[in-house]
Amino acid sequence: MTDNNPLMNKSVRDFLAEAEEIVEHLGSELADLADSADSGDINPDLLNSIFRGAHSLKGLAGMFGFTGISELSHNMENLLDWLRLGKLKLDTAVIAVLLESHDVLLSLVRSLSEGDAGGYDGKVAACVSRINACLGKPSLDAPQASPLDVLGLSEQVLKSLTEYEEHRLLENLSRGKNIYSVHATLDLATFDQELARISDAIKTCGEIISTLPSMSSNLETNIDFDILAGSDLAFEEFSQATRHDNVTLTLLRGGTQPPAPPAPAVPDTARPVPESPESPESAETPAPPAVQATAPDSSAAGTPLPSAKSISRTVRVDIGKLDELMNIVGELVLAHSSIAALAERLRRDRFSQLAVELGKSAKVLERKLTDLQKGVMDIRMIPVGQLYEKMSRIVRTISREQGKKVELLFYGADTELDKLIVEDISDPMMHIIRNAIDHGIESPEKRLAAGKNEKGVIKISSYQKGNHVVIEVEDDGGGIDVEKVKARAFQKGFVQDPNAVSDKEALEFIFLPGFSTTDQVSEVSGRGVGMDVVRNNIAAISGMVDIETTPGLGTRFIITLPITLAIIKSLIISCAGRTYALPVTSVLESLILTGADLKTVERREVTQLRETTLPLLRLEEFLCLNRPTERPAEFYAVVVGVAEKRLGIVVDELLGQQDIVIKSLGEGLRRFPGIAGAADLGDQRTILVLDVGGIINDTMRSGS
Amino acid sequence: MALRAMLVSIVESLGDFRIVEAANGFEALRLLPRERVDLIFTDINMPDINGLELISYLRNNPNYQSIPVVIISTEGSQSDIEKGRMLGANDYIVKPFESSDLENIIAKYLGDRQG
């Protein structure tokens, strides 16, 4: 990234920096790929990763209108897609094209960031046409062929694969396994024992994908089977392992890189042609593809057969559609609640068989609804690992800028979170990480002087904790200087007496607007976003952020997030004649209290909860409600907690639990503290949903 | 297994039919040459050979080609059901099914043989 062109705006510079990084990364991965192509063992994950790199570069460049980069990376992506799906063999020619395209990309990106974009059109066009030559067709919309086509499976076999079997087959293919067709002619009377023997033999060295019975030449006494199996073993070894009297074996497709010398020999000599002796029945035989079976060797794979069948097992869906679906599910849940309530009333009213049956049906409906809800929720879930990739790029850029050495460690990449939450947490996390490198990790010299490894470590870990997902960002830097924070807070007028503030409370100051301990704003962290924005952004998705720090050893940011925002279980409470919902995920327990249980400490109401003192908050005071009647003598405190903080919210009554769908109050009321939204109770009543994180933050802040 | 028992008891209650049960695909393949079958019910997900493979086999074997086949499957396996239909299954019913569903199927395929 260079700054010598003042006309280039910042986002374009950011793009070019990121593009350069992707291209550099592509380069090292392509080099690995070239190495592995030489050795004949291609890692499908590596290929996939290169494909993804080209894909994201294309997307980025397209957004910024860099047509050259976008066109070239788009074509590379196509080529890589074919390689990835096994439709094209990775040979030296293809590698050369990929490496050359990469060179052009790299110099294109570099000269763009130097403000000079001219003279590349010809090079890009040349690369594109070479890529298209590899793809066999200059047309941009090449027909999508199924990767299964390379197997030359008969229509009959293809049609008889269940979705799962098809998936397994694709999986085996993508792992570069050899796919074998094992044809067995067995006696009708004893075929199951025989087949079990054959199956067991295959299972010792591979996976059985499907078993298709087919008609034997003598259909009164025999039955044939075609077993599809995936295995690492080469033809000879596999046929040794599965040796059986009545079995013929066909190698449908070698792994992505079949060992060069034996490959041509096997099909010609060792491979029997299974179905041809049965040609009289071949019209009836479900698997007669002797011709097809020999066709798809590596040379033919370059010109795949066109097929209308789609390849991908995934569907991209606009998250808005899922939201809509979730809303409908939520409303169904409410509709169910009212049916269940009716059934219950009917049963209490006058016991009747009909009422019991209605109750039963409502139960069945409830179970199915729960499944549906879970299903829709699952679709929204994506692994946190997707964030990690993004973070590692940022860490590399910043540490290079700062001249610091940083190693990034990831844990719990499989932890799943709602897609929207993952998106919304990305910016705050990015900022926390920037902070960690900027303020946390010391320079290599300082670290060596302190007896640490000169390479700093940032550890990002995520794990599920009850109904929350916790993401921790931990650095092994110098820690936060609490005294400096206190002094700064005093200087800024946030606190009257810095000595009266505990260390833990002092750390909270970092999240206040306008707080910054560095004297000079650095290029990285000081981009106008403070930790207050980080906290607000996290709070907007009902999350909390906490800091722990140890001087000299490092700082840990703990972000606690709900797993999903869509449907939540809530506790319905009433206070001063009004009804509210509290998300159950933040409710720890509830207590019955009388006036005698209350104490006042430092002008705040508290109560004793086992060994600790629990601060209390009267909901009516928080929401400024007028109480029409006397306060009841016995009331409840709902103990809520997010992260490490606890608060007892004092209410009149607990009305029960219910699933609710939180709906936004709209822009106008969005900033109202303590209210997360509104929800429909299913009996035509709409109530407000309290935002526990917001209430806790607000109370703790005003209380200190 | 419970489903098969239920299926059997419902079909029994619908008329005087002789019912042959096969616990899995292999058993079905073994039973077929020995029985004269007028209607076949099959699940899709079975441990040894799957229902689609069974249907494919039946439809390609002149001895069984014309026996009506009804898929019994769970909701959500629409694409498998579709494949079954393409392979030549005559009908399908979705679990959980009602006895009236079976009644309709039996009337449709065995109507003239009932009772």
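Buried, in this talk, means under 20% relative accessible area; exposed means over 50%, and partly exposed lies in between, using a 1.4 Å probe and protein chains only. By that rule, buried residues make up 47% of the 115 residues in chain B.

Some ground rules. This is a predicted model, where local features need pLDDT of at least 70 and side-chain atom pairs count only at pLDDT 80 or more, while totals for chains, interfaces and linings use all residues. Residues are numbered from 1 along each chain as its sequence is written, chains are lettered from A and ligands numbered from 1 in the order in which they are written, and side-chain values use heavy atoms, leaving out hydrogens and water.

Let me stay with chain B. It has 5 helices and 3 strands. Those are DSSP runs numbered from the N terminus: H or I over at least four residues for helices, E over at least two for strands. Reading from the N terminus, the order is α-α-β-α-β-α-β-α. Contact means heavy atoms within 4.5 Å. Of the contacts in chain B with a separation of 6 or more, 49% join residues 24 or more positions apart. Chain B exposes about 5,700 Å², and carbon and sulfur atoms supply 48% of that. The areas come from the Shrake-Rupley method with a 1.4 Å probe; for residues, only the protein chains shown count as cover.

One residue to look at is Gly15(B). It sits in the loop between α1 (2-14) and α2 (25-31) of chain B. Its relative accessibility is 22%, so Gly15(B) counts as partly exposed. Glu103(B) is 88 residues away along the chain, yet the two C-alpha atoms are separated by 9.6 Å.

Now chain A, and a sheet. Two strands pair if DSSP finds at least two bridges between them. Here 4 strands form an open, antiparallel sheet in the order β2-β3-β1-β4. Which strands stand at the edges? They are β2 (206-215) and β4 (247-253) of chain A; each has a single partner strand, so one side of each is left without a neighbour in the sheet. On average, neighbouring strands are turned by 20° against each other, direction ignored.

Look inside that sheet. β1 (178-187) and β3 (222-231) of chain A pair in the antiparallel sense over 10 bridges. Val182(A) stands opposite Ile227(A) in β3(A). Helix α7 (163-174) of chain A lies across β1, β2, β3 and β4, running at about 130° to β2(A). Chain B joins in too: its helix α3 (51-60) packs on the sheet, touches β2 and β3 of chain A, and makes about 25° with the direction of β2(A). For these angles, axes are lines fitted to C-alpha atoms, for helices over the stretch in contact, and angles run from 0 to 180 degrees between N-to-C directions.

Next, strand β9 (468-475) of chain A. Because 7 of its 8 residues are buried, β9(A) is largely enclosed by the rest of the structure. β8 (455-465) of chain A pairs with β9(A), antiparallel, over 8 bridges. There, Lys465(A) stands opposite His468(A). β11 (554-562) of chain A also pairs with β9(A), antiparallel, over 8 bridges. In β11(A), Ile559(A) is the bridge partner of Ile471(A).

Last, cysteines. Cys624(A) is exposed at 66%.
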